Amino acid sequence: MASFAAGIPLGAARAQTTLGPDAALDELAQGNARFVAGKLTSLQTDLDELKQHTAEKQEPFAALLSCADSRVPVELVFDQSIGRLFVTRVAGNVCTPEIIASLEYGAAVLGTVAIMVLGHANCGAVHATMDGKAVPGQISALYAPIRPAIAHAGSDLTAAIKANAQYQAELLRTASPVLAGMVKQGKLKVVAGYYDLASGKVTTLG
Ligand SMILES: [Zn+2]
């Protein structure tokens with residue numbers, strides 16, 4: 001039986017971004033500044049040309065782990081067009097095995113050089129975890145991965161949201177040998193960010 005890895009087009013992926021991790025984070029910051037200023041350029045890009053360019057391969061320079069919240073449109077927030085960002089989303093921006101697998105694929109195969117875990121103001125998932133009330137279906141499955149941040153940050157929602165983004169970023173840096181190895185080699189940076197819904201501004205968390 002052929003291994004999964006054998007099916008990954010490693011060779012094709014080596015074109016990749018020419019940006020380094022710091023330049024990639026700077027590109028995100030510049031895009032967010034354009035978004036905050038209401039001066040988006042990504043929507044004016046020739047979309048037909050972009051689709052043709054990206055139909056066969058993708059060369060995203062950065063990956064995101066963001067919440068599923070409808071108020072956090074990741075490509076818009078960073079003013080990035082088709083093929084630029086590798087975006088994973090799950091309520092509460094938590095590291096599930098599938099999320100980690102996706103981000104490993106983004107970094108090791110597609111060549112993303114920066115990962116930002118993006119928490120956001122008024123996150124319902126973090127708020128619900130703090131409340132800890134009974135919820136229908138499998139919604140409470142989100143509680144366990146968010147609880148460590150709340151244990152650390154206490155009862156302040158914004159502090160807990162920021163702590164959760166930082167905790168999930170630290171998980172990515174340490175729990176994934178693939179990502180940890182790339183971080184150690186200086187090929188990848190994993191940072192946490194906080195998106196303010198009202199201003200549109202993304203702040204990188206220390
Ligand atoms: Zn959220």
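Leaving aside neighbours within four places in sequence, alanine 114 is in contact (heavy atoms within 4.5 Å) with Pro21, Ala24, Leu25, Phe61, Ala62, Ala63, Leu188 and Lys189. This is a predicted model, in which local features need pLDDT of at least 70 and side-chain atom pairs count only at pLDDT 80 or more, while totals for chains, interfaces and linings use all residues. Residues are numbered from 1 along each chain as its sequence is written, and side-chain values use heavy atoms, with hydrogens and water left out.

- Alanine 114 is found in strand β3, where helices (H or I, at least four residues) and strands (E, at least two) are DSSP runs numbered from the N terminus.
- With a relative accessible area of 1%, alanine 114 is buried; buried means under 20% relative accessible area, exposed over 50%, and partly exposed in between, with a 1.4 Å probe and protein chains only.
- The C-alpha atoms of alanine 114 and leucine 19 are separated by 9.6 Å, although these residues are 95 positions apart along the chain.
- Alanine 23, placed in helix α1 (residues 21-36), is partly exposed at a relative accessible area of 35%, and its C-alpha atom is separated by 9.1 Å from that of alanine 114, 91 residues apart along the chain.

**The zinc site**

- The zinc ion is coordinated by Cys67 (SG), His120 (NE2) and Cys123 (SG), at 2.1 to 2.3 Å; donors are N, O and S atoms within 2.8 Å of the metal (3.2 Å for Na, K and Ca), and water is not among the atoms, so sites may look incomplete.
- Along the chain, the donors of the zinc ion follow the spacing C-x52-H-x2-C.
- Cysteine 67 lies in the loop between β1 (62-66) and α3 (74-77), and cysteine 123 in the loop between β3 (114-120) and α5 (124-131), so the pair ties together parts that are 56 residues apart in sequence.
- Cysteine 67 counts as buried at 4% relative accessibility, and cysteine 123 likewise counts as buried, at 1%.

**Asparagines with positive phi**

- Most residues other than glycine have a negative phi.
- Asparagine 93, in the loop between β2 (85-89) and α4 (97-110), has a phi near 35°, a positive value in a residue other than glycine.
- At 2% relative accessibility asparagine 93 counts as buried, and, not counting residues up to four places away in sequence, asparagine 93 touches Leu65, Ser66, Cys67, Val117, Leu118, Gly119, Asn164, Ala165 and Gln168.
- Asparagine 122, found in the loop between β3 and α5, also has a positive phi, near 55°.

- Lining residues, which have an atom within 4 Å of a point, are here Thr17, Leu19, Leu50, His53, Thr54, Lys57, Gln58, Glu59, Phe61, Ile82, Gly83 and Arg84.
- By class, this lining has four nonpolar, five polar and three charged residues, where Ala, Val, Leu, Ile, Met, Phe, Trp, Tyr, Cys and Pro count as nonpolar, Asp, Glu, Lys and Arg as charged, and the others, Gly among them, as polar.
- Threonine 17 is found in the segment before α1 and is buried, with a relative accessible area of 19%.
- Apart from neighbours within four places in sequence, threonine 17 is in contact with Pro60, Phe61, Gly111 and Val113.

**The protein as a whole**

- The secondary structure comes to eight helices and five strands, which read along the sequence in the pattern α-α-β-α-β-α-β-α-α-α-α-β-β.
- With 206 residues, a compact globule would have a radius of gyration near 17 Å, and the 17 Å of the protein agrees with this; the radius is taken over C-alpha atoms, and the globule rule is 2.2 Å times the number of residues to the power 0.38.
- The C-alpha trace spans about 50 × 50 × 35 Å along its principal axes, and 41% of the 206 residues count as buried.
- Of the contacts in the protein with a separation of 6 or more, 71% are accounted for by residues 24 or more positions apart.

Notes: 1 Å grid on protein atoms, 1.4 Å probe; cavity = no way out; pocket = protein on both sides within 12 Å on 5 of 7 lines; lining within 4 Å.
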